[in-house]
Amino acid sequence: MASTFAFSWGLWTPLLVGLAPSSLTVPLIILGGFGPFVGALITLRFTGRSIRGWLRSNLRYRIPIRWYAIALAVPPLFIVAGSVVYVSVFDSSFALDELASLWMFPLALGLTFFLGGGQEELGWRGLAQPALQDGVSALSASLLVGVVWFVWHVPLFYVPESSQAGVPMVPYAVAVVATAVVLGWLYNTSGSLLIPWLYHASLNPAGMFFLAGVAGLRTAAGYGSYAVLVAAVAIGLIVYYGPTNLAAKTRVRLSELV
């Protein structure tokens, strides 16, 4: 974890204190996003584990296609449902004319899969989750990773061109921790890191389809509506599957991966 924070925050700190030119803002944000992966590689090397074996065990792709469909479809569904709740409860209005064109989603999905957040899963769910699950329940591991995941993002709230800038921090924290539970369930149930990776890649551009407009999503009520829905689903998963494995089978352990 320390190497993850050192790498990412080391790149983002110049943006916070005004030492980096504006032309480097986006490149440094993107590069810093590889901190979880870099931290995973350093940890594996330091502990003498095989990086190739870890990747091979994690990136299983011969799994039921329904998991790929769930990973792709659920994030936009959460966003759309959250916008309906926001409009209904807070007496807002739809802004359908502001929605992005549908063709932009697959393009953004590809970018976020490799560069815009999806790759974080190599560190969060790919290493931290199974490493913690060697000693604690899947729920405890998911919550711990979720809290660390949120704290890791905190500097970006103060970088104007980041996707976190202008987002209300408390609802964001709730959404991140709840999403960590959902991703923990996906990882342990599918047995493949590709599924939470694809979910994360789908989640980031899904905000373009908040039916009350992106500005609505960035309000406490808008983001809070989305966060509450994700939290409700996370609680449902915990109740249904139980905290031990957060799945209908034994949780993934790092000791079994490498």
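Trainee: Is Ser57 buried, partly exposed or exposed?

Mentor: Start with the cut-offs: buried means under 20% relative accessible area, exposed over 50%, and partly exposed in between (1.4 Å probe, protein chains only). Ser57 has 24% relative accessibility, so it counts as partly exposed. Bear in mind that this is a predicted model, where local features need pLDDT of at least 70, side-chain atom pairs count only at pLDDT 80 or more, and totals for chains, interfaces and linings use all residues. Residues are numbered from 1 along each chain as its sequence is written, and side-chain values use heavy atoms, with hydrogens and water left out.

Trainee: Where is Ser57 found, and what is it in contact with?

Mentor: Helices (H or I, at least four residues) are DSSP runs, numbered from the N terminus. Ser57 belongs to helix H4, residues 51–58. Contact means heavy atoms within 4.5 Å. Leaving aside neighbours within four places in sequence, Ser57 is in contact with Gly191 and Leu257.

Trainee: Gly191 follows which helix?

Mentor: Gly191 comes after H9, and its phi is positive, near 75°.

Trainee: How does the span of H9 agree with what a helix should give?

Mentor: The expected span of a helix is 1.5 Å times one less than its number of residues. H9 has 22 residues (169–190) and should span 32 Å; its end C-alpha atoms are 31 Å apart, which agrees. H9 is also mostly covered, with 18 of its 22 residues buried.

Trainee: Which residues have the most contacts inside the largest nonpolar core?

Mentor: The general idea is that in soluble globular proteins, nonpolar side chains tend to be buried together. A nonpolar core is a set of buried Ala, Val, Leu, Ile, Met, Phe, Trp, Tyr and Cys residues joined through side-chain atoms within 4.5 Å. Here the largest one has 68 residues, and Val182, Leu186, Tyr199 and Tyr226 have the most contacts inside it. H9 supplies the largest share of this core, 12 residues. Take Tyr199: beyond its neighbours within four places in sequence, its contacts include Thr179, Val182, Leu183 and Leu186.

Trainee: Which residues make the nonpolar surface patch?

Mentor: Such patches are made of residues with over 30% relative accessible area and no salt bridge; like charges are joined within 9 Å, nonpolar side chains (Val, Leu, Ile, Met, Phe, Trp, Tyr) within 5 Å. Accessible areas come from the Shrake-Rupley method with a 1.4 Å probe, and for residues only the protein chains shown count as cover. This patch, about 780 Å², is made by Val26, Ile30, Trp103, Met104, Leu107, Leu111, Phe114 and Leu115. Helices H2 (25–32) and H6 (104–114) each give two or more residues to it, and H6 gives the most, with 4 residues.

Trainee: How many salt bridges does a search of the whole structure find?

Mentor: A salt bridge is a side-chain nitrogen of Lys or Arg within 4 Å of a carboxyl oxygen of Asp or Glu. The search finds 1. Arg125 and Glu121 have side chains that meet in a salt bridge at 2.6 Å, N to O. Arg125 counts as buried at 0% relative accessibility, and Glu121 likewise counts as buried at 0%.

Trainee: Are Asp91 and Leu246 buried or exposed?

Mentor: Asp91 is exposed, with a relative accessible area of 70%, whereas Leu246 is buried at 0%. Asp91 lies in the loop between helix H5 (65–89) and H6, and its phi is positive, near 55°. Leu246 sits in the loop between helix H12 (220–241) and helix H13 (254–257), with a positive phi near 50°.
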